[in-house]
Amino acid sequence: MSTPERTRPYPGAERLDLVEELHGHRVADPYRWLEDPEDPRTREWSAAQDDLARGLLDALPGRDVLDARLRALLSAGSISVPLWRAGRAFFSRREPGQEHAVIYTRSPDGVEKALLDPMVLDPTGLTTLDSWVPDLEGRRVAYQVSAGGDEQSVLYVLDVESGELVDGPIDRCRYSAVSWMPGGDEFFFVRKVAPGEMGEGQDDFHRRIWRHRVGAPTEQDSLVTGSGLYEDHTYYGVRVSRDGRWLIVSANVGTARRDSLWITELGAGRTAELTTILTQADDVRAVAWVDRDDRLYLHTTDGAPRWKLAVTDPRTPGREHWRDLVGEDPESVLEGVRWLEPAPGSGQEPQLVLARARHAVAELALHDVDGTPRGTVPLPGTGSLTGLTVPDRDTPQRDGSLWIGWTDLVTPPQVHRYDRVSGETVLESTAPGDVTVPDVRTEQREFTSRDGTTVRMFVVTPATGEGPWPAMVTGYGGFGISREPAYTSSALAWVAAGGAYALVSLRGGGEEGEEWHRAGNRGRKQNVFDDFHAAAESLIASGTTTPGQLGISGGSNGGLLVGAALVQRPDLYRAVVCSAPLLDMVRYEEFSLGRTWNDEYGTAADADELGWLLSYSPYHQVQGGIEYPAVLFTVFESDSRVDPLHARKMCAALQDATTGEVTTRPVLFRRETDVGHGARSISRSVALSVDTLAFLAAHTGLELV
């Protein structure tokens, strides 16, 4: 419902009288024309929104302060754990001032060499390195790049010694797993079907697994086959055992938290005809691999929503043969497993390192290979893992070490090394830049959600004072994805200016296991929003902030989160940054990758599930006559995951409905071209953060000095 008597400073947007009858619901869609980016009306509207947003954002105070502070915090750079291949270490590092991280190799004599620098590949900074994996001998690296944010990866193979390309380009490799065969002459990989093979508009939803010989035409690739293997909108993983004997294939239908698994024994004269281990009907998550003891390991939720570790013989891979090795811990989530060799001559036996997260905080546990617990690995504090690696079997300098990638709320990425002989964890390398982190106080708090559930959040505040402070609150709450404590330049820049920052471990995520995820998806999605509202109310009740100082921010599924929050509780929030959001939950399946998410949200094709979606769909919950918070939508025109149409429609609806004045509670639409949903250059990241933080600061009372 619009408010026609109010003078409107916003660009005109025709409001259609479009109402559809869907499963007995009358569903209005007044801004459907904004779905079409090529419609002249959409182009005119978008250009006018550009002018409005740029004029208001550029005039915000403190932009120079934010720019300098963000660049200083980002000047820490980054470092990854080494990935070992026959004595070579492969790792990434970003130096201060670099736009992207660079991939390096370090030979056994300690000599470093830059292998892949996205800025050398494309000096504009618009090309991103999507993935990379060296072969088992450390002689070649398969890598994938995409340009302009479209994430349509193209695969190449690089010779490590010469730096020359020996294969590629191989297109259609979006979200493509690669696993090398021993010898480095062949690999298994995933590739989308050829254009038009499955019909118009279907290319992004169908993939195949191929065995490829380096340098050979892809027309000669061998197709991997198996019962029930190739289904609509399925993503595949491939994993070859180190000896090249076993191939394991995993599959997810869209983003469903269920795994299909297959295995086959490779060898001379054998074809990769797969044997089924799990299907979607089993409703189980499982990561499988054959390790150094020739056992098939299964990291799984089978009867264990917080995950457990099981084993079997790869020749008898069926569920009925699985044997629990390390059972479920009721208080932590098992996130990964590594095989840890002893140092030669130490007299020790191999062990397993289990990476766990207790309420989103990392832990490492040691177990014998029979599952017997043998203590823990010391970690630096309350933080999260960015990587965990051990030397491969062909690295001659094996010494029983474990390399640990580490970060926390105030610590840029580090690499620590656990020495199994001494039992100590020592700092081995840090992000290369010298950075001064502001003096802050960090804590993990508990609060109670609407239905009595205990929820947690990480809170960062200035080291002195008791508040209230202008607050920036964020979360995700979807797809079983965990948000863990990590160094975040935008959060620290906010707190350095005198604000409070909170990261909420919402239901729908994976912070407390698969039951936590399922408590916030499909028909239970409102639990996520209730958790977020309760977090805000807890921060207010504790004196950390006030409603007039409370800003919220979220992207992608987190954009849906803050979109729902602002229409459900406009009284609770003062300012909102809604980035790359999903907002029209009735038609989301019609665009981009939307139909791959219906296991998470539900489908409008089903009467009951449409009811779930309509109950919270932000676009459909906008009402006239309400003073909504100040809102900044940020979208990326090359986004191939979440179409910007969601934000266009929601922005038009809010601009029409709100009684707030543009001077005090504006609704703005900021868009970028040549970037997408994922990785971007540091300069583009800083520019976006300056706009979003300055906007939140201006409307929550944070003085940027």
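Modeller: Axes are lines fitted to C-alpha atoms, for helices over the stretch in contact, and the angle between N-to-C directions runs from 0 to 180 degrees. The model before you is a predicted one. In it, helix α2 (residues 63–74) packs against helix α4 (residues 489–496) at an angle of about 130°, and their axes are 9 Å apart.

Biologist: What makes α2 oblique to α4?

Modeller: Angles of 65 to 115 degrees count as roughly perpendicular and those over 145 as roughly antiparallel, with those under 35 being roughly parallel and the rest oblique. The angle here is about 130°, which makes α2 oblique to α4. The crossing of α2 and α4 is right-handed.

Biologist: Which residues of α2 and α4 meet?

Modeller: Arg69, Leu70, Leu73 and Leu74 of α2 meet Ser489, Ser490, Leu492, Ala493 and Ala496 of α4. Sorted by class, this contact has 6 nonpolar, 2 polar and 1 charged residues.

Biologist: Why are α6 and α7 called roughly perpendicular?

Modeller: Helix α6 (residues 526–541) and helix α7 (residues 557–568) pack at about 70°, their axes being 10 Å apart. The range for roughly perpendicular is 65 to 115 degrees, and α6 and α7 are therefore roughly perpendicular to each other. Their crossing is right-handed.

Biologist: What residues make the contact of α6 and α7?

Modeller: From α6 come Gln526, Val528, Phe529, Phe532 and His533, and from α7 come Leu560, Leu561, Val562, Ala564, Ala565 and Gln568. The contact of α6 with α7 divides into 8 nonpolar, 3 polar and no charged residues.

Biologist: How do you know that α1 and α11 are roughly perpendicular?

Modeller: Helix α1 (residues 40–58) packs with helix α11 (residues 645–657) at an angle of about 70°, with axes 12 Å apart. Since the term covers 65 to 115 degrees, α1 and α11 are therefore roughly perpendicular to each other. The crossing of α1 and α11 is left-handed.

Biologist: What classes of residue are found where α1 meets α11?

Modeller: Thr42, Trp45, Ser46, Gln49 and Leu52 in α1 meet Arg648, Cys651, Ala652 and Gln655 in α11. The residues of this contact of α1 with α11 are 4 nonpolar, 4 polar and 1 charged.

Biologist: Why do β16 and β20 count as paired?

Modeller: β16 and strand β20 (residues 273–278) pair in the parallel sense over 2 bridges, and the rule asks for at least two. Thr225 stands opposite Glu273 in β20. The open sheet concerned has 5 strands in the order β16-β20-β19-β18-β17, with mixed pairing. β16 (225–226) and β17 (234–240) stand at its edges, each with a single partner strand, so one side of each is left without a neighbour in the sheet.

Biologist: Why is the aromatic pair of Phe91 and Tyr104 called stacked?

Modeller: Rings pair if their centres lie within 6.5 Å, and planes under 30 degrees apart count as stacked. By this rule there are 13 aromatic pairs. Phe91 and Tyr104 form one that is stacked, at 5.7 Å centre to centre and 15° between the planes. This pair links distant parts of the chain, with Phe91 in strand β5 (residues 88–94) and Tyr104 in strand β6 (residues 102–106), 13 residues apart.

Biologist: Where is a cis peptide bond found, and what is omega there?

Modeller: One joins Gly168 and Pro169, with omega about 5°; Pro169 lies in strand β11 (residues 165–170). A cis peptide bond also joins Gly467 and Pro468, where omega is about 5°. Pro468 is in the loop between β34 (454–462) and β35 (471–474).

Methods:
Residues are numbered from 1 along each chain as its sequence is written. This is a predicted model: local features need pLDDT of at least 70, side-chain atom pairs count only at pLDDT 80 or more; totals for chains, interfaces and linings use all residues. Side-chain values use heavy atoms; hydrogens and water are left out. Helices (H or I, at least four residues) and strands (E, at least two) are DSSP runs, numbered from the N terminus. A crossing is left-handed if the near helix is turned anticlockwise from the far one by less than a right angle, and right-handed if clockwise. Contact means heavy atoms within 4.5 Å. Ala, Val, Leu, Ile, Met, Phe, Trp, Tyr, Cys and Pro count as nonpolar, Asp, Glu, Lys and Arg as charged, and the others, Gly among them, as polar. Rings of Phe, Tyr and Trp (its six-membered ring) pair if their centres lie within 6.5 Å; planes under 30 degrees apart count as stacked, over 60 as edge-to-face and the rest as tilted.
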